[in-house]
Amino acid sequence: MTKKFLAAVLAATVGMTGMLAGCGSKTDDSASNASTAEKVTPTFMYFVSNSDENFDKTNEMVAELETEYSQDIKFEIINVDENPEAAENFQLVQGQTPALIMLNTNNDISAIEFKCSDKEKLTSDIKAALE
């Protein structure tokens with residue numbers, strides 16, 4: 001999947017989810033083509049910025065999650081300050097870091113979290129993506 005395609009999917013998702021505050025999420029509970037789709041390793045895409053409140057604490061929490069779930073989930077930690085192209089390709093997260101985009105085993109977006117540093121909520125999103 002190309003970055004441009006994923007960016008287009010994410011942009012379309014914004015229209016469906018609206019602006020979410022705190023640990024709000026978008027979860028797709030609809031039936032999917034799971035029986036016909038090829039299963040992939042779920043991806044935890046976490047966008048951070050050096051200016052994020054509790055930057056070190058958030059990074060520590062994500063590192064703990066990565067240690068716990070690294071055999072089941074692909075982790076992509078993207079610092080938008082160090083990788084400005086990521087902010088351009090994923091305009092959804094501009095000014096909304098930390099932000100999680102969780103892709104499930106069908107490579108569908110299963111959760112989006114903005115400004116969330118709740119480890120239990122992120123763990124729940126990971127477990128849902130594995131189902």
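Modeller: Happy to! A polar contact is a pair of N or O atoms within 3.5 Å; within protein, one must be able to donate a hydrogen and the other to accept it, and residues adjacent in sequence count only if both atoms are side-chain atoms. Numbering runs from 1 along each chain as its sequence is written, and side-chain values use heavy atoms, without hydrogens or water.

Now to your pairing: the side chains of E113 and K121 are joined by a polar contact of 3.5 Å. E113 belongs to strand β4, residues 109–114 (strands are DSSP E runs of at least two residues, helices H or I runs of at least four, numbered from the N terminus). With a relative accessible area of 1%, E113 is buried (under 20%; exposed is over 50%, partly exposed in between, with a 1.4 Å probe and protein chains only).

Elsewhere, strand β1 (residues 43–48) runs parallel to β2, paired over six bridges (pairing takes at least two DSSP bridges). Within this pair, V48 stands opposite N79 of β2.

As for confidence, the protein chain averages a pLDDT of 76, and 72% of the residues score at least 70. Where pLDDT is low, the predicted coordinates should not be read in detail.

Notes. This is a predicted model: local features need pLDDT of at least 70, side-chain atom pairs count only at pLDDT 80 or more; totals for chains, interfaces and linings use all residues. pLDDT is the predictor's confidence in each residue, from 0 to 100.
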